[in-house]
Each structure stands twice: as structure tokens, then as C-alpha cells.
Amino acid sequence: CQLAAQSVGRSPADVVDFSKLGEGGFNRVFLITMRDGFQMVARIPYPITVPKYYAVASEVATMDLLRSSGIPTPRVYGYSPEARNASGTEYILMEYVRGTKLSDVWDSLKDQEVVSILRQLVQLESKMMSISFPAGGSLYYAQDLVWAADTPGVPLEDKRFSVGPDTRG
């Protein structure tokens with residue numbers, strides 16, 4: 001709660017609820033609610049997720065790169081790719097995005113709505129595929145690679161990012 005509150009400039013006393021949203025293949029996901037109704041998500045990798053450092057660091061950098069390229073992704077408020085922090089585990093604190101799951105409404109959509117959605121998906125995929133990378137591997141903030149790897153990785157045009165080791169270890 002302390003880390004979540006600090007990541008958005010709040011006091012830990014502002015956190016009024018911390019509840020589990022769900023579990024996936026690699027993470028547990030929690031919803032954090034502040035006194036004024038502001039909500040955010042905390043993602044914590046399972047202990048068996050390896051290598052945690054690279055998985056967390058790469059996911060955060062990838063979301064930032066996509067967001068800066070005009071692709072809608074949740075804003076990251078804070079993260080730690082290593083367990084040496086107040087929570088004792090790696091984590092990502094990010095924007096909570098409200099909405100309806102497409103799978104919940106897909107069967108009720110009219111043909112014109114389906115075509116519109118598919119066009120939007122193709123546009124997003126086209127934007128993603130237009131991002132060029134100087135090497136194969138996973139994406140990181142350059143500062144995270146300097147901390148964890150023997151080499152700084154291969155820098156992108158935006159020097160905040162580098163391609164480094166594959167997150168599969």
C-alpha cells in the first residue's frame with residue numbers, strides 16, 4: 001500500500017481497499033482503491049515466474065514504448081524488477097482501465113460494428129509492426145539493463161530503450 005500510494009503522490013492512509021482481481025499464467029493482480037475513488041492495479045509475478053527481473057523490466061518498458069508510439073496501453077505509475085524493496089517482491093503498479101470485455105459483447109455486435117472494430121485492430125497492429133528494432137531480444141529501459149546485465153544492450157533511436165536478453169532467460 002505504501003509503494004502504491006507513493007507512486008501516485010498519495011499517503012498510505014489514502015488506500016482504503018486492496019483486493020484481488022484475478023490470477024493469470026504469470027501474475028497475481030490486485031485492485032487498489034484510494035479514498036477519493038481513484039483506482040490502480042498492482043501486478044505481482046508468481047514465485048515460479050523466471051527470470052522475474054527481466055520479465056517485469058521488459059513488460060514495463062514495452063508498455064511505455066507502445067504508449068509513446070500512440071498505442072493505448074495502461075500508464076505505469078511505478079515498478080520494481082527486483083524484490084529488494086518495501087514489498088519484498090517484484091511488482092508493477094499501473095493504471096486501472098475500465099471497460100467492457102470485447103468477448104462479452106462480440107455475439108451481440110452488428111456487422112458494421114464488427115468491421116469497425118476489426119479496422120481499429122488492424123490499425124493498431126500496423127502501428128506496432130511499424131516500430132523497428134535494431135536487434136532481436138526483449139525490450140528494456142537502458143537503465144534496467146545496465147543494472148542487471150553485463151552489456152547495456154542495443155540502443156533504440158529513443159535512447160531510453162534498449163534491446164537486451166530474451167525474457168525467457
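Which residues of the largest nonpolar core touch the most other members? They are Leu65, Ile92, Leu139, Leu156 and Phe161, within a core of 17 residues. A nonpolar core is here a set of buried Ala, Val, Leu, Ile, Met, Phe, Trp, Tyr and Cys residues joined through side-chain atoms within 4.5 Å. Buried means under 20% relative accessible area, exposed over 50%, and partly exposed in between (1.4 Å probe, protein chains only).

The model is predicted: local features need pLDDT of at least 70, side-chain atom pairs count only at pLDDT 80 or more, and totals for chains, interfaces and linings use all residues. Residues are numbered from 1 along each chain as its sequence is written, and side-chain values use heavy atoms, with hydrogens and water left out.

**Overall architecture**

The protein chain contains five helices and eight strands, arranged from the N terminus as α-β-β-β-α-β-β-α-α-β-α-β-β. Helices (H or I, at least four residues) and strands (E, at least two) are DSSP runs, numbered from the N terminus. The C-alpha atoms fill a box of roughly 50 × 45 × 30 Å along the principal axes. Of the 169 residues, 34% are buried.

**Cores and helix 2**

Helix 2 supplies the largest share, six residues. Another core, of 11 residues, lies apart from this one and includes Val15, Phe30, Ile32 and Leu93. In soluble globular proteins, nonpolar side chains tend to be buried together.

Leu139 touches residues including Ala57, Ala61, Leu65, Leu156 and Phe161, not counting residues up to four places away in sequence; contact means heavy atoms within 4.5 Å.

Helix 2 is mostly covered, with 12 of its 17 residues buried; among them are Tyr53, Ala57, Ala61, Asp64 and Leu65. Helix 2 reaches 24 Å from its first C-alpha to its last, close to the 24 Å expected at 1.5 Å a residue, where the expected span is 1.5 Å times one less than the number of residues. Gly70, with a positive phi near 90°, follows helix 2.

Asp144, in helix 5 (residues 142-148), is buried, with a relative accessible area of 8%. With residues up to four places away in sequence left out, Asp144 touches Tyr53, Ala57, Tyr79 and Pro81.

**Salt bridges**

The structure holds seven salt bridges, each a side-chain nitrogen of Lys or Arg within 4 Å of a carboxyl oxygen of Asp or Glu. The table gives examples.

| Salt bridge | Closest N and O atoms |
|---|---|
| Glu59 with Arg43 | 2.3 Å |
| Arg160 with Asp64 | 3.4 Å |
| Arg160 with Asp158 | 2.8 Å |

Glu59 forms its salt bridge with Arg43. Because Glu59 lies in helix 2 and Arg43 in strand 3 (residues 39-45), the pair ties together parts that are 16 residues apart in sequence. Glu59 is partly exposed, with a relative accessible area of 25%, whereas Arg43 is buried at 18%.

Arg160 also forms a salt bridge with Asp64. Arg160 lies in the loop between strand 7 (154-155) and strand 8, and Asp64 in helix 2, so this pair ties together parts that are 96 residues apart in sequence. Asp64, Asp158 and Arg160 are linked in a network of salt bridges. Relative accessibility is 40% for Arg160, which counts as partly exposed, and 31% for Asp158, which is also partly exposed.
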